[in-house]
Amino acid sequence: ILPNLNSSGSSSLLALAAGSGLADLLGGQLGAAENPILTYPEILLSRTVLERTLSAGFSSRKIMDALDVSEPTPRERLDKATQVLRSSVDVRANPRSGLISVAAVTHDSLLSAAIVQSLLDELNRFNVETRTSQGRATREFVEARMQESQRNLAVAEQTLAIFRSSNVHIGF
């Protein structure tokens with residue numbers, strides 16, 4: 001995986017906030033951009049992503065069924081399957097090269113390939129949802145600033161018009 005690195009080191013929303021004078025309100029958070037090379041492995045090994053991977057299809061059944069985990073209750077089975085999957089998956093990040101490698105070792109090479117593909121699909125879904133929500137937040141922020149600026153402009157124009165009308169005749 002080659003993560004999409006932001007060249008500026010911060011999100012466009014934070015850049016907008018900094019440019020609009022909100023940097024003081026946000027404090028030291030502006031410089032704290034996340035590094036995808038370090039966060040993607042955590043996302044891939046998160047419980048949510050692993051559980052979604054377990055429910056993905058593999059050869060007309062679920063990956064969880066293919067792992068042959070048997071426990072007395074469905075919740076215990078899911079917990080055990082999550083543990084088995086986490087121990088089967090190896091995610092490594094190389095900050096120097098910017099590469100993230102994902103591997104899975106199981107009793108079946110096709111199952112391992114399906115696990116890796118499902119993990120990558122889940123990471124892609126996460127990225128799309130995250131970027132969509134960030135884009136929506138940016139749009140909403142810019143729209144709110146634009147409306148506020150339009151209101152401020154209307155007030156300033158009205159104040160200027162009142163000032164000009166009251167100072168039309170200057171007499172000595």
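A word before you click: "buried" here means under 20% relative accessible area, with exposed over 50% and partly exposed in between (1.4 Å probe, protein chains only). Helices (H or I, at least four residues) and strands (E, at least two) are DSSP runs, numbered from the N terminus. You're looking at a predicted model, where local features need pLDDT of at least 70 and side-chain atom pairs count only at pLDDT 80 or more, while totals for chains, interfaces and linings use all residues. Residues are numbered from 1 along each chain as its sequence is written, and side-chain values use heavy atoms, with hydrogens and water left out.

**Whole chain.** Start in cartoon view. The protein chain has 7 helices and 4 strands, running α-α-α-α-β-β-α-α-β-β-α along the sequence. Of its 172 residues, 26% are buried.

**Select 109–166.** This is α7. Its 58 residues reach 85 Å from first C-alpha to last, close to the 86 Å expected at 1.5 Å a residue; the expected span is 1.5 Å times one less than the number of residues. Colour the buried residues of α7: Leu111, Ser112, Ala114, Ile115, Val116, Ser118, Leu119, Glu122, Leu123, Asn127, Thr138 and Phe141. Then step back to Asp108, which caps the N-terminal end of the helix: one of its side-chain oxygens sits 3.0 Å from the backbone nitrogen of Leu110.

**Zoom to Ser118.** Is Ser118 buried or exposed? Its relative accessible area is 7%, so Ser118 counts as buried. Contact means heavy atoms within 4.5 Å; leaving out residues up to four places away in sequence, Ser118 touches Thr53, Ala56 and Ile63.

**Hop to Thr53.** Thr53 belongs to α4, residues 47–54, and is buried at 0% relative accessibility. With residues up to four places away again set aside, its contacts are Ile63, Leu85, Ile115, Ser118, Leu119 and Glu122.

**Show the core.** A nonpolar core is a set of buried Ala, Val, Leu, Ile, Met, Phe, Trp, Tyr and Cys residues joined through side-chain atoms within 4.5 Å. The largest one here has 27 residues, and Leu54, Ile63, Leu67, Ile115 and Leu119 have the most contacts inside it. Elements giving two or more residues to this core are α3 (36–44), α4, α5 (63–66), α6 (74–88), β3 (89–94), β4 (99–104) and α7. Which element gives the most? That's α7, with 6 residues. Click Ile115: beyond its neighbours within four places, Ile115 contacts Thr53, Ile63, Leu67, Leu85, Val89, Ala104 and Thr106.

The axes of α3 and α7 come within 10 Å and cross at roughly 120°; axes are lines fitted to C-alpha atoms, for helices over the stretch in contact, and angles run from 0 to 180 degrees between N-to-C directions. To see the contact, show Tyr40, Ile43 and Leu44 of α3 with Leu119, Leu123, Phe126, Asn127 and Arg131 of α7.

**Last stop: Val102.** Val102 lies in strand β4 and is buried at 18% relative accessibility. From Val102 to Arg92, 10 residues away in sequence, the C-alpha distance is 6.7 Å.

Definitions and conventions:
Polar contact = N/O pair within 3.5 Å; in protein donor to acceptor, adjacent residues only side chain to side chain.
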